[in-house]
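Hi,

Here is the structure I promised to pass on.

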Amino acid sequence: MERQQIGLKLVMDQLGLPVQVDTFEDRLILQKAVYLAQAAGVNLGYYFRWYLHGPYCSSVSDDGFCVAIELGQGTEDSAGWSLDAASAEKASGILDLVDCNDRSALAKKLELFASIHFLLDRKQVSGQSPDKITAVLRKFGKDFNADDVRGALGELRDHDIIH
Amino acid sequence: MTSSIEGVSRKLIVDSLHGDVHLDEREWRILDTVSFQRLRRIKQLQMGQVTYPNATHTRFAHCLGTLAIMARILRVLKEDGGISLNEKKRENLRMAALLHDIGHYPYSHLMEGIDHVDLTEEIVGGVGSKSFDATRSRYPDHEEVGKAIVTGQRDILDAIGSPDRAREVADLFTRSEAADLQLSKLLHSSLDMDRLDYLQRDSRATGVPYGDIDMNYLLNSLRISGTSMVGVVEKALPAAEQFLLARFFMHKAVYFHKTTYGIEEACRQLLRRMRDAGSFGMPKDGDEVLSLVRSAELSSFTDDYVDRLVRRASKDGNEVMQALASCIERRRPPKLLYEVQVFENAEHQTINRGKVFFSRAKRSLKALAEKYGIPLGQFLLCCTKPLKLEKRGASLTVEQARGLESEEEDELIKVFIGDEPEPKSLVEIEHSLIHVCAAHLWQAFRLYVVYEGKNKEDVVKRLRKEVGEWAECV
């Protein structure tokens with residue numbers, strides 16, 4: 001496994017999430033969890049683009065598939081590796097954002113968090129207006145309403161991911 | 001030269017691949033900036049010229065070519081009636097095509113990727129801690145660097161006209177554009193103009209014919225669906241398949257050529273060592289890269305920037321750095337000791353021969369290095385990126401490909417079958433070659449040595465024999 005893939009595996013471990021890529025939901029959770037970890041200050045070096053389901057990075061997909069295959073083959077070699085203490089703490093700081101047993105609900109929640117952060121970070125929406133953010137998300141066929149966005153904005157602020 | 005098309009006065013540049021490339025006044029101003037002219041001093045094919053002497057074409061020519069293709073795509077889709085763009089959006093798309101590679105590092109992807117380079121000592125183990133450091137910002141990809149240049153360099157801002165407009169253009173090529181789905185899809189469809197240009201340009205420059213594609217037919221066959229999906233009509237299926245095959249063979253024959261790849265790997269490892277040493281003037285992290293490209297130093301951030309570092313390492317570096325630098329400077333490519341190529345169906349998820357070789361090399365290399373008295377860092381244990389016919393292809397089973405959601409589908413080439421209103425991905429079309437081969441990937445696992453000591457021929461011969469023996473007996 002390349003060092004980059006080890007890094008990805010360590011962050012997912014820190015977030016308590018398995019590296020799974022079997023379904024679209026699995027892949028969406030992987031994408032958005034990595035995005036949010038980076039937004040929280042864990043530098044994995046992935047660059048995300050805007051797609052229909054929010055921020056997406058093809059390298060995360062590629063690395064995720066490699067890790068999943070190695071896990072399946074039993075050749076995964078991240079044992080003995082650890083995330084540096086400061087980054088581990090930052091990742092732990094968003095644990096409750098990714099804490100949800102229902103995978104579908106988790107995927108939807110993470111999509112909303114990551115999308116809002118991307119739109120604000122990339123200045124695609126001016127200010128933190130829930131209505132404006134909702135309008136952009138609607139353009140991409142999302143059924144999030146202004147209350148969902150308002151709640152997510154609050155959680156992102158509480159976790160210091162947006163200010 | 002000045003010409004006139006559609007009644008608008010335009011500048012004209014003749015490109016060896018596309019013929020006449022017409023630029024409007026603003027595009028001409030962009031071209032004329034110091035920031036853009038920098039691309040004349042960055043080779044498109046990194047160190048490809050060590051193998052193919054004529055492969056000295058630059059990012060500058062490629063950017064012009066990409067603009068030429070964008071102009072043709074806009075014309076075809078306008079005639080087809082599937083797209084309606086106002087003048088400002090058309091201009092933005094053209095500028096995004098022209099500027100999409102303005103952020104390339106010296107030697108293109110070579111320097112950009114050093115955060116992903118694992119040194120031989122690290123691969124073999126026993127050196128350094130097993131702590132993954134995610135506190136340091138990574139070198140940004142070239143599109144992010146491009147955004148920093150387009151929105152941060154005065155000459156480009158002046159040429160574009162306003163900071164807001166500059167940001168709109170940068171948002172397009174970094175795909176941050178959330179305001180217009182149609183524009184985004186057009187720029188990033190899998191039949192992207194970037195690949196359409198570089199495959200042919202690289203093919204002509206190297207003299208390797210496999211990159212030649214039926215571009216005219218592909219471009220004239222483009223259509224756009226009601227949901228803004230870009231695809232080609234069914235008649236162009238063979239041309240689309242050949243486009244993907246061209247990419248596949250160009251990687252095998254040119255981009256991953258054993259000699260080029262070996263010398264590039266030596267350079268990657270050298271740059272990584274120099275960056276880690278902190279005393280050679282390499283940007284220590286991504287933040288320093290962004291500071292550099294926003295400063296007046298940008299114009300010197302060209303291939304020569306790396307050449308100077310290599311020269312410095314050959315004098316001031318440690319033993320391994322000097323050996324790596326010398327092999328680059330004097331064109332003494334690392335000697336390939338052993339290679340395993342695999343072409344496998346990824347669905348089977350077997351532990352292939354390449355992985356077995358890699359694992360054996362990790363266990364045995366240290367002893368081999370000690371036996372021959374060659375520093376471990378002069379052995380380069382590396383593997384190419386897995387090469388797939390379709391971008392997402394080999395990561396997925398055909399069934400998974402059918403279940404892809406839109407962002408993953410965006411990366412697949414699509415074909416309009418019959419009168420169907422929406423195109424299908426090539427992977428899904430059962431009578432296509434890509435459907436059959438999509439799950440396959442090719443990868444090369446290689447071990448090189450950088451050695452210019454006594455009895456070179458004999459030492460390399462003996463190393464090959466030993467590595468061959470322990471590689472074959474696994």
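Two bridges join strand 3 (residues 82–83) of chain A to strand 4 of chain B, and the two run parallel. Within this pairing, A:Ser82 has B:Ser131 as its bridge partner. Strands here are DSSP runs of E of at least two residues, helices are runs of H or I of at least four, both numbered from the N terminus, and two strands pair if DSSP finds at least two bridges between them.

Before you read on: this is a predicted model, where local features need pLDDT of at least 70, side-chain atom pairs count only at pLDDT 80 or more, and totals for chains, interfaces and linings use all residues. Residues are numbered from 1 along each chain as its sequence is written, chains are lettered from A and ligands numbered from 1 in the order in which they are written, and side-chain values use heavy atoms, with hydrogens and water left out.

Back to the interface. 46 residues of chain B are in contact with 47 residues of chain A (contact meaning heavy atoms within 4.5 Å). The area buried between the two chains is about 4,200 Å², with carbon and sulfur atoms giving 48% of that; this is the accessible area (1.4 Å probe) lost on putting the two parts together, summed over both. The rule finds seven salt bridges across the interface of chain B and chain A, a salt bridge being a side-chain nitrogen of Lys or Arg within 4 Å of a carboxyl oxygen of Asp or Glu. B:Glu143 and A:Arg49, for example, meet through their side chains at 2.6 Å, N to O. On the side of chain B that touches chain A, the elements giving two or more residues include helix 7 (142–152), helix 9 (163–173) and helix 18 (353–372).

There is also a salt-bridge network that takes in A:Arg3 along with B:Asp115, B:Asp118, B:Glu122, B:Arg136, B:Arg272, B:Arg275 and B:Asp276. Inside it, the side chains of B:Asp276 and B:Arg272 meet at 2.9 Å, N to O. They are about one helical turn apart, because four residues separate them in helix 14 (residues 258–277) of chain B. B:Arg272 counts as buried at 8% relative accessibility, while B:Asp276 is partly exposed at 42%. For those words, buried is under 20% relative accessible area, exposed is over 50% and partly exposed is in between (1.4 Å probe, protein chains only).

B:Arg167 and B:Asp171 form a salt bridge at 3.0 Å, N to O; here B:Asp171 is buried at 2% and B:Arg167 is partly exposed at 27%.

As for chain B overall, 22 helices and 12 strands are found, and buried residues make up 63% of its 474 residues. Strand 8 (residues 379–383) of chain B is mostly covered, with four of its five residues buried. Strand 8 pairs with strand 12 (residues 440–449) of chain B in the antiparallel sense over five bridges, and B:Cys382 stands opposite B:Arg446 there. Chain B also has an open sheet of four strands in the order 5-6-10-11, with mixed pairing. Its edge strands are strand 5 (222–224) and strand 11 (424–425), each pairing on one side only.

Cheers
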